[in-house]
Amino acid sequence: MGWFTPDEWQAIQLSLAVALRSVAFGLPPAVLAAWLLARGRFPGRSVLDAIIHLPLVMPPVVVGWLLLVTFGIQGPLGSLLNEWFGIRLVFTTGGAALATAVMSFPLIVRAVRLSLDTVDPHLEAAARTLGAGPVDRFVTVTLPLIAPGILSGAITAFAAGLGEFGAVITFASNIPGQTQTLPLAIYTATQTPGGEVTAAKLAAVSFAMAVAGLMLAEFVGRRMQVLLGRVPH
Amino acid sequence: MLEISLRHRFTGFSLDASFDAPTPGVTAIFGPSGCGKSTLLSAVAGLLRPDEGRLVVNGSVLFDSATRQFVPAERRRCGVVFQDARLFPHLSVETNLRYGLRRAPRDAKGPDMEEVTALLGIEHLLSRRPAALSGGEKQRVALGRALLSRPALLLMDEPLAALDGGRKAEVLPYLSRLRRRLSIPVVYVTHALDEVDRLADTLVLMEAGRVLAHGSVEALSARTDLPILAGRRDVGAVLTCRVRAHDAERGLSYLDFAGGELIVPFEDSPPDTPLRVRVRARDVSVALVRPEHVSVQNIFPAVVEDVEQGQPHEAMLRLRVEGQSILLSRVTQDAVNRLGLRPGLPVWALVKSVAFSPSGGMP
């Protein structure tokens with residue numbers, strides 16, 4: 001494609017890779033967290049709820065800073081990861097994915113939890129009486145019924161992850177080819193003399209991907225409801 | 001043998017129920033809404049852990065607070081049919097039916113897929129989704145799903161309560177057919193007397209979390225001292241009968257019971273079919289001399305055993321027919337005074353044939 005310069009292409013591809021990784025790593029714990037919040041009765045539930053939703057209301061820069069403090073080379077978790085596994089997150093693509101995952105985590109949790117609320121817990125009880133153990137009934141009854149929520153949550157999180165700025169630039173910095181995702185590239189372009197065209201093109205790409213993501217999430221959600229037999233054909 | 005003894009306390013309500021019931025057979029737990037009968041069923045199914053008690057089904061202990069035994073619901077092998085079917089909406093009828101079958105122990109014996117679908121008349125529904133089923137069809141599929149899990153005990157929680165009259169009449173015959181074909185012990189929770197008459201062998205009466213009485217349906221229905229039964233308009237003694245003969249021309253059937261013969265409107269069951277008939281107390285009148293030239297077909301010599309004051313200005317008579325069967329009769333207080341009805345008095349009990357609805361029996 002002749003529309004984009006190699007640098008612009010790099011930013012687009014990097015954005016897609018970071019968003020994809022953030023969803024892939026964020027999805028399983030988000031489903032677990034949603035399940036705990038919807039079904040669990042344990043002390044500290046409201047604290048967990050608050051912590052999960054914090055990224056929605058906190059300035060992204062603060063989230064990035066907290067990650068830097070925790071996962072930095074000197075940080076409590078960052079130093080352990082570096083010593084034991086040789087994993088360094090700050091200023092890497094993995095770090096950008098982590099920052100994006102934390103920011104979009106509440107989006108997935110909310111979507112999954114909403115669909116968990118529509119699953120009648122009595123169905124799980126029915127599965128129990130038919131001989132299904134806890135994991136069995138989660139996999140065969142609960143999971144298929146919340147699949148629309150999981151999918152639309154994942155798509156929304158992916159679309160939002162494409163545009164994560166504050167947390168990424170604070171935690172992973174702005175390194176072309178490594179952590180310079182779309183919004184960071186746009187920001188850099190606006191700061192560079194003559195970068196207006198690049199900024200405009202990348203902004204258009206961002207806009208198109210965000211709209212496509214939202215529409216896909218909506219479509220998939222509807223389609224799944226029909227597949228699951230919630231709505232008669 | 002089913003041994004149930006459970007105590008559980010909620011805020012504002014406590015359950016304290018103990019009874020034994022023979023197996024196989026259908027044990028009906030009967031009582032008004034909120035009497036704790038569904039809670040009791042959840043506890044038997046293992047979906048609720050009672051504070052205290054003991055639960056034994058045919059010798060295997062499912063719960064015993066004394067020895068801290070508690071078998072979780074998924075290993076109890078109690079098939080449950082809920083009031084609201086609870087079919088898995090994302091699975092086809094066939095996959096729903098196989099859900100329990102796939103998880104049943106390999107050595108568990110029971111009816112197979114073909115037999116169950118034929119018994120319940122659901123063969124044509126297998127490829128459908130639950131959303132495309134009527135209420136009665138859903139309930140039949142739910143029943144099949146529970147049966148195919150090869151349960152050691154089948155629990156039914158008001159399976160017909162959510163259905164309207166027509167749907168109910170559609171499912172009830174399947175239940176009685178099931179009762180005759182299968183030897184799985186059943187606990188059946190209901191607040192409908194006609195279901196008790198048709199299905200139950202043993203009756204457990206519950207009120208406010210307690211068991212008021214338990215025993216055979218015939219024995220309990222003949223008692224006048226049980227307010228939750230006596231207060232109902234459709235109360236009456238249950239007679240165990242056997243079809244003796246039909247008179248198609250006159251449109252009548254003759255049923256034998258211990259102590260006499262009952263003439264009822266034509267009942268479409270072959271001779272020798274056991275049939276259970278509830279003779280409603282309000283349909284039984286008494287006379288001091290044998291009436292003649294009356295339309296009433298059923299006239300039995302009887303002795304007044306008891307006169308129980310019930311509702312205001314009303315009395316409930318317990319009559320023993322030919323020294324054997326019991327009939328209840330609801331009369332006005334005025335009739336008691338006029339005829340001088342008292343225990344020991346020989347009377348004639350009169351029951352109109354049309355008082356028996358054709359579906360009142362138990363084929």
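In chain B, residues 24 or more positions apart make up 67% of the contacts with a separation of 6 or more, a contact being two residues whose C-beta atoms, placed from the backbone, lie within 7 Å. Keep in mind that this is a predicted model, where local features need pLDDT of at least 70, side-chain atom pairs count only at pLDDT 80 or more, and totals for chains, interfaces and linings use all residues. Residues are numbered from 1 along each chain as its sequence is written, while chains are lettered from A and ligands numbered from 1 in the order in which they are written.

Let's stay with chain B, which has 9 helices and 20 strands (DSSP runs, numbered from the N terminus: H or I of at least four residues for helices, E of at least two for strands). The radius of gyration of chain B is 22 Å, close to the 21 Å that the globule rule gives for 363 residues, so chain B is as compact as a globular protein of that length. That radius is taken over C-alpha atoms, and the rule is 2.2 Å times the number of residues to the power 0.38.

Now to where the chains meet: 22 residues of chain B are in contact with 17 residues of chain A. On the chain B side, the elements giving two or more residues are strand E7 (78-81) and helix H2 (93-103).

Over in chain A, helix H3 (residues 60-71) has 12 residues. Its buried residues pack against helices H2 (45-57), H4 (76-85), H5 (93-117) and H8 (166-171) of chain A; buried means that 20 or more other C-beta atoms, placed from the backbone, lie within 10 Å of a residue's own.

Terms used. The expected span of a helix is 1.5 Å times one less than its number of residues.
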